[in-house]
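Here are my notes on the model you sent over, in the order I would read them. Have the structure open while you go through the points.

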Amino acid sequence: MSWYVVCTNCGRDDVPADQLLAACPNCGGEWLDPRYDYDRLGRVMREETAARPCTMWRFREWLPVHDDDHIVTMGEGGTPLLRLKNLSLMLGVPNLYLKDERQGPTASFKDRQASLAISVLREHGVREVVVASTGNVAISYSAYAAQAGIKLWTFLTSSVPADKMREVALYGSEVVKVTATYDRTKQVAARFAEQRGLFLDRGIKGMAARESMKTIAYEIAQQLGWRSPDWYIQAVSGGLGPVGVLKGFWELREMGLVETMPKIACIQAAGCAPMVKAWEQGLSKPVVVDSPQTLITTVATGDPGIAYEILYQAAVEHGGAFVAVTDEEAFRAMHVMAKMDGFSMEPAAAMACAGAIKMIRQGLIRPDETVVICCSGHTFPVEKHLLEENWSHHLDLSAEEVVAEEVEEPTPAMAAREEGLLTSFEELGGDVRRIAIVEDDEPARVLLRRILQAYGDFEIFEAADGRQGIQMIREVEPDVVLLDLMMPEVDGYQVLEAIKSDPKLQHIPVIVITAARLSAQERKRLDGHVRSLLQKGQFVDRELLESIQAMF
Ligand SMILES: *Cc1c(COP(=O)(O)O)cnc(C)c1O
Ligand SMILES: [Zn+2]
């Protein structure tokens, strides 16, 4: 056998690996940890895995299943590590990445867990399983259980969105809706399993669950060219993800593939933040939350237990953070991620992004650090409360005259219909502000354009240097100018002078956007001429829009 099992409580390293044990036969400890032949496997990981199919099973030797025939796989893991181009630029942190776990078979990182856990259950001949879940585990386990021929009883808290529950039922699992907190739901599920004599999934206490999550660490290190990021940031409920990821980086270090451990940032919902509360008070045990107050049920674990103790130790040893974000901040981050870089994700995943944004703005993350945000899932249709009233345009064409399409010459009826259509298009527009952007740096220009496009109905004009900028402003007489100061040849100061010395243009408000902090002298040159000053990498979308809105 190429792996063996250690009891982290009593330290014995000969715990039987061929049985599904819930506890150490020696001491009763519940935290059993598989170990591998790291001396030999370091070379295999570095030299052989990259050529294998891109799923988490490329790391087969590091996953505790004995027989390949028992593996249940649907192509989980092997997810891309993607650069957040616009967000990086906006926040002034160039090396910002998203680990895109939406790209799993059921669209969350629980697919890794389900694949390994269901494989192990199949290996041990288990046919019927009970699992408690805040939604995504139930969905993912259901899919894999279907394939493995295992019957699943899922216990879900009643606050799990109905869409998620329906998906669980679709896969043929039994859905038990429990009106209680998630922690209580777990107890009820355990009681049911005991009473029926069924196997209970032990969540983070199960070896398979943790071992599956460590593949996220392997993949990130491989994707970064065998090094650790400075930060791994994830929205956390029970803490399975970060605990598994920690183990992964620990193993990578044992195998000599990376030198450092990353700092782990656990992002929790402000209304259910047992880890954050404990961390802020310097406690090594969680401050249990009895009645979670968050709309984001996916992360509503009030008592993370030993997971926090492990994460706390790691944070003390290697650095790390526990940060709370409100539901509103998470929902706002959903908009930012989708609008800035095109990533739509469920609220739980957006929490990690909200946390990252917060940490960057608070200076907890330095601009030169490499940051990986886990986009943990997207199994959730966008809910009503996320959008404002007028999020869609409506074209009512019911009054249109029906005309035959096949005539050569346009008929008067066709002309009338065309005119009606144009009128309704105009109604879609309303009062559109005209904004001129003068900026020589292309990515910065794209970011500014993107913010304007995403949040409002603006007519946008762009110039890539000062000379073009002056000409453009004279031609279009915009409502607002967004102006970069540092440009070759004709710089921003000269553009500003041109605007302010022209009677036709001098009323136009100018918002200066600079790369560097200005000296007192430079500020003096701008005095009285600019309405607002923003520093690149130091403002977010909302702040730019507020500056613009303040002009009217
Ligand atoms: C389960 C889940 C989390 C929380 O993960 P843990 O590591 O178990 O705390 C976060 N986001 C999504 C989408 C999840 O499904
Ligand atoms: Zn033991």
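**Notes on the model**

1. For the terms, buried means under 20% relative accessible area, exposed means over 50%, and partly exposed is in between (1.4 Å probe, protein chains only). Cys-24, by contrast, is buried at 4%, and Cys-7 is buried too.

2. Before going on, some ground rules. This is a predicted model, in which local features need pLDDT of at least 70 and side-chain atom pairs count only at pLDDT 80 or more, while totals for chains, interfaces and linings use all residues. Residues are numbered from 1 along each chain as its sequence is written, chains are lettered from A and ligands numbered from 1 in the order in which they are written, and side-chain values use heavy atoms, with hydrogens and water left out.

3. What holds the zinc ion (ligand 2) on the protein side? The SG atoms of Cys-7, Cys-10, Cys-24 and Cys-27 are the donors, at 2.3 to 2.4 Å from the ion. (Donors are N, O and S atoms within 2.8 Å of the metal, or 3.2 Å for Na, K and Ca; water is not among the atoms, so sites may look incomplete.) Along the chain, the spacing of these donors reads C-x2-C-x13-C-x2-C. Cys-7 sits in strand β1 (residues 3–7) and Cys-24 in the loop between β1 and β2 (32–36), so this pair ties together parts that are 17 residues apart in sequence.

4. As for disulfides, a search of the whole structure turns up 0, the cut-off being a pair of cysteine sulfur atoms within 2.5 Å.

5. Now the overall picture. The protein has 18 helices and 17 strands; these are DSSP runs, numbered from the N terminus, with helices being H or I of at least four residues and strands E of at least two. Of its 552 residues, 53% count as buried. The C-alpha atoms fill a box of roughly 90 × 65 × 50 Å along the principal axes.

6. On to charges: the structure holds 39 salt bridges, each a side-chain nitrogen of Lys or Arg within 4 Å of a carboxyl oxygen of Asp or Glu. One of them pairs Arg-166 with Asp-163, closest N and O atoms 3.1 Å apart. Both residues are in helix α5 (residues 162–170), 3 residues apart, or about one turn of the helix. Arg-166 is exposed at 52%, whereas Asp-163 is partly exposed at 32%.

7. Helix α6 (residues 182–196) has Lys-186 and Asp-183, which are separated by about one helical turn because they are 3 residues apart. Their salt bridge has its closest N and O atoms 3.9 Å apart. Here Lys-186 is partly exposed at 32% and Asp-183 is buried at 17%.

8. Take a look at Asp-541 and Arg-332 as well, whose side chains meet in a salt bridge of 3.0 Å, N to O. This pair links distant parts of the chain: Asp-541 is in helix α18 (residues 541–549) and Arg-332 in helix α11 (residues 327–341), 209 residues apart. Asp-541 is buried, at 0% relative accessibility, while Arg-332 is partly exposed at 25%. Elsewhere, salt bridges that share partners join Asp-33, Arg-35, Arg-210, Glu-211, Lys-214, Lys-247 and Glu-251 into one network.

9. Two backbone spots to check. Most residues other than glycine have a negative phi. Ala-107 has a positive phi of about 70°; it lies in the loop between β4 (96–100) and α3 (110–123) and is buried at 17%. Glu-489 also has a positive phi, near 55°. Its place is the loop between β15 (480–484) and α16 (492–500), and Glu-489 is exposed at 68%.

10. Last, two C-alpha distances. Gly-104, in the loop between β4 and α3, is 7.5 Å from Thr-79 in space and 25 residues away in sequence. Val-288 is in the loop between α9 (274–280) and α10 (306–318); Val-288 and Gly-305 are 17 residues apart in sequence and 8.5 Å apart in space.
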